[in-house]
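Reader: I am new to reading structures like this one. Could you walk me through it, one feature at a time?

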Amino acid sequence: THFPVLDLQNLAELFGRKVTLPFDVSGTGSGELKAHGPISLSKLNYTVTSHVSSGVAAGEVFQDFIFNVHAVDGHVYADQIEAKKGEGHLYMTGEVENTGDIRTVVNTQQMHLSDFEIIRNLAPGADGRLDGSLNMSQFILTPKVNIIAKVTQSTLNQKSVADSNVRATIS
């Protein structure tokens, strides 16, 4: 089925029957869904391709959001999941087993702190280049999350500050 107009909230609601996102999403674009098999996400075979030119996730605006996945017997594989924010890019790879176990990596490249609404609100005048990765594993509703990030070219109120490295594990 081809969707000339795709609403991200509807896509989130579709997958929300299995997993609820911990943040709101909105935006419109286009997409296509091809499916066969039992009508149960944990057993279904499907391919989703979609593109949203501008959308909002967790209160942040992203451009050129691409969400392309396929599933075999409910085992979901990320074919191409990416978005742009300012000059930076976000990429996600990985898979979710039909049991709910997840193995995914989200990488950021050349993201600027000042492009994030949350940074502008919490630390006005802060900027820098963010490159990092977020690894998620274990059960999707209670994942283990490892974060490695580096902020370079850092400034606060247009004055240089030392680069920062972040390593964190949440489980």
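Author: Gladly. Let us begin with a charge over a ring: this is counted if NZ of Lys or CZ of Arg is within 6 Å of the ring centre and within 35 degrees of the ring normal. Before the case itself, please note that this is a predicted model, where local features need pLDDT of at least 70, side-chain atom pairs count only at pLDDT 80 or more, and totals for chains, interfaces and linings use all residues. Residues are numbered from 1 along each chain as its sequence is written, and side-chain values use heavy atoms, with hydrogens and water left out.

Reader: Which residue lies over the face of Phe 62?

Author: Lys 85 does, at 5.2 Å from the ring centre. The charged end of Lys 85 also sits over the ring of Phe 116, 5.4 Å from the centre of that ring.

Reader: How do I describe two rings that pair with each other?

Author: A pair of aromatic rings is described by the distance of the centres and the angle of the planes. Rings of Phe, Tyr and Trp (its six-membered ring) pair if their centres lie within 6.5 Å; planes under 30 degrees apart count as stacked, over 60 as edge-to-face and the rest as tilted. By this rule the protein has one aromatic pair. The centres of Phe 65 and Phe 67 are 6.3 Å apart and their planes are at 25°, so this pair is stacked.

Reader: Is Phe 67 buried or exposed?

Author: The words have cut-offs: buried means under 20% relative accessible area, exposed over 50%, and partly exposed in between (1.4 Å probe, protein chains only). Phe 67 has a relative accessible area of 17%, so Phe 67 is buried. Across the protein, buried residues make up 28% of the 171 residues.

Reader: And what is the accessible area of the protein as a whole?

Author: Accessible areas come from the Shrake-Rupley method with a 1.4 Å probe, and for residues only the protein chains shown count as cover. The protein exposes about 10200 Å², of which carbon and sulfur atoms supply 56%.

Reader: Which strands pair with β9?

Author: Two strands pair if DSSP finds at least two bridges between them. Strand β8 (residues 126-139) pairs with strand β9 (residues 144-156) in the antiparallel sense over eleven bridges, and a hairpin of four residues joins β8 to β9. One of the places to look is Asp 131, whose bridge partner in β9 is Lys 150. Strand β11 (residues 164-170) is antiparallel to β9 over seven bridges; there Asn 146 stands opposite Thr 169. Strand β10 (residues 159-160) also pairs with β9 in the antiparallel sense, over two bridges, with Thr 155 and Ser 160 as bridge partners. β9 and β10 form a hairpin with two residues between them, and Asn 157 in the turn has a positive phi of about 55°.

Reader: What does His 51 touch?

Author: Contact means heavy atoms within 4.5 Å. Leaving aside neighbours within four places in sequence, His 51 is in contact with Gly 29, Ser 30, Asp 64, Phe 65 and Ile 66. His 51 and Ile 66 are 15 residues apart in sequence, with 4.6 Å between their C-alpha atoms. His 51 lies in strand β3 (residues 45-57).

Reader: Which side chain makes a polar contact with that of His 51?

Author: A polar contact is a pair of N or O atoms within 3.5 Å; within protein, one must be able to donate a hydrogen and the other to accept it, and residues adjacent in sequence count only if both atoms are side-chain atoms. The side chain of Asp 64 makes one with His 51, at 3.3 Å. Asn 45, also in β3, is buried at 14%. A polar atom of the Asn 45 side chain lies 2.6 Å from the backbone nitrogen of Asp 73.
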